[in-house]
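Hello,

Here is the structure I promised to pass on to you. Have a look at it first, and then read my notes on its aromatic rings below.

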Amino acid sequence: MIYGKSTGVDIAVIGGGLVGAAIAYGLLEKGQSVAMFDEGEAAFRASRGNFGLVCAGAKGDKLEDYAPWALQGVEVWADFAERLTAATAIDLELEQNGGMVFCPEEQDLAARTATMERLRRRSGLDFDVLRPAEIARYMPGVSDNFAGGIFCSIDGAANPLKLLRALHAAVSRTPGASRQDARVSRIEPGSGGGYRIVTARGTTDCQKVVLAAGLGNLAMAECLGVKLPIVPMRGQILVTERHDPVLTVPSEQVRQNRNGTFLLGGSWEDVGYDTSTTFEVTRDIAALAVRYFPFLKSVRLVRSWSALRILAPDNAPIYDEIAPGAYLVTCHSGVSLAALHSGKVAGWIAEGILPEEAAPFHLGRFAAATPEPEVAHG
Ligand SMILES: Cc1cc2nc3c(=O)[nH]c(=O)nc-3n(C[C@H](O)[C@H](O)[C@H](O)COP(=O)(O)OP(=O)(O)OC[C@H]3O[C@@H](n4cnc5c(N)ncnc54)[C@H](O)[C@@H]3O)c2cc1C
């Protein structure tokens, strides 16, 4: 499809993953004229390779302001899902029956409990520390071969592929809003103010631009003279054959999809842009899953994949206006935060006022020191 040599919109969103598509959908709901540019299959796409947890429980260990933001994101998810499903007739398979984090050893459980106590003081997030026998009430078939777990009743999971499909369907209802196979090569200053978005198919002038291209934001921000501290972090995930329904509560290590398959995962590997899968990690993920749920030993694996997380040094999102009218949005946890991105973050871009609770996520927080990212959860 040819978009014409030069066209114009109010707001260009670069990136059609979970982050860009949620923002584009939110901006369209607010009556803005939007063009969402998406590179397509060639790009690294966290949105097609994630675990689908909608969770607040694990957020904020390195930046406590993230805890109330993540909690708010999970609290508004059901309303968001209802609206998006009403608009697209796509069921996002959201279930918020609580979420579990397993702690293999006593010291893991003690450390995790201490972190959760600290975050509860900051955000009010409620949680329970459970031993295996108590976990069995929520998760039938669980073993007693581990120390315990943390249960957050507000957490849950959705189908991330259906979420992405629904967001694209919602954006595509507005003619010209979704531009696929449209890799942005440059962002230039616009001739009459604003910006000019350059693709191989032509240029688009806009008043505002949203950088929501995942790891592609590194190159997009450089067009504006800004260097970002985000890095890729590989996660491998395994999928089993279908099984009778057993688990309605997900964990970071094992969850059952509505179609009966189990997702097992996910590793945290600092291997740059390598998206291969490895035997060693597959074996370790499977062994841990069987430690928690021995019945999985007789359930066959059918597939595995890897995808790259988009990680800031403190694992929290970055929201910043990095040049006048140029908004940077990047995060790990694009599923959990999707409702906030289509709501408050889109509102910030449309109206220029960042909600107070999102103010701590500015880029300047990394200016003083840029610690190395560490393995984390979520
Ligand atoms: C293994 C794994 C497990 C995860 N589990 C969870 C989870 O349980 N819950 C949760 O909330 N989050 C989870 N995440 C994180 C979540 O997947 C990401 O936060 C989210 O997908 C990020 O979306 P994004 O749109 O920023 O990036 P991406 O999905 O990478 O999308 C970026 C998009 O930008 C486009 N693009 C890039 N460059 C350009 C360009 N120059 N021009 C045009 N388009 C461009 C690409 O085509 C792509 O579509 C997980 C991630 C991984 C890898």
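Ring pairs join Tyr-66, Trp-69, Tyr-319, Tyr-327, Trp-348 and Phe-361 into a cluster. Rings of Phe, Tyr and Trp (its six-membered ring) count as a pair if their centres lie within 6.5 Å; planes under 30 degrees apart are called stacked, over 60 edge-to-face, and the rest tilted.

Before you go on, please note that this is a predicted model: local features need pLDDT of at least 70 and side-chain atom pairs pLDDT 80 or more, while totals for chains, interfaces and linings use all residues. Residues are numbered from 1 along each chain as its sequence is written, and side-chain values use heavy atoms, leaving out hydrogens and water.

The structure holds 15 aromatic pairs. One of them is Phe-102 with Tyr-292, which is stacked, at 4.3 Å centre to centre and 20 degrees between the planes. Phe-102 belongs to strand S4 (residues 99-103) and Tyr-292 to helix H8 (residues 279-292), so this pair ties together parts 190 residues apart in sequence. Helices (H or I, at least four residues) and strands (E, at least two) are DSSP runs, numbered from the N terminus.

How are the rings of Tyr-319 and Trp-348 arranged? Their centres are 6.4 Å apart and their planes at 65 degrees, so the pair is edge-to-face. Tyr-319 counts as buried at 1% relative accessibility, and Trp-348 does at 4%.

Happy exploring!

Definitions and conventions:
Buried < 20%, exposed > 50% of the residue type's maximum accessible area, 1.4 Å probe, protein only.
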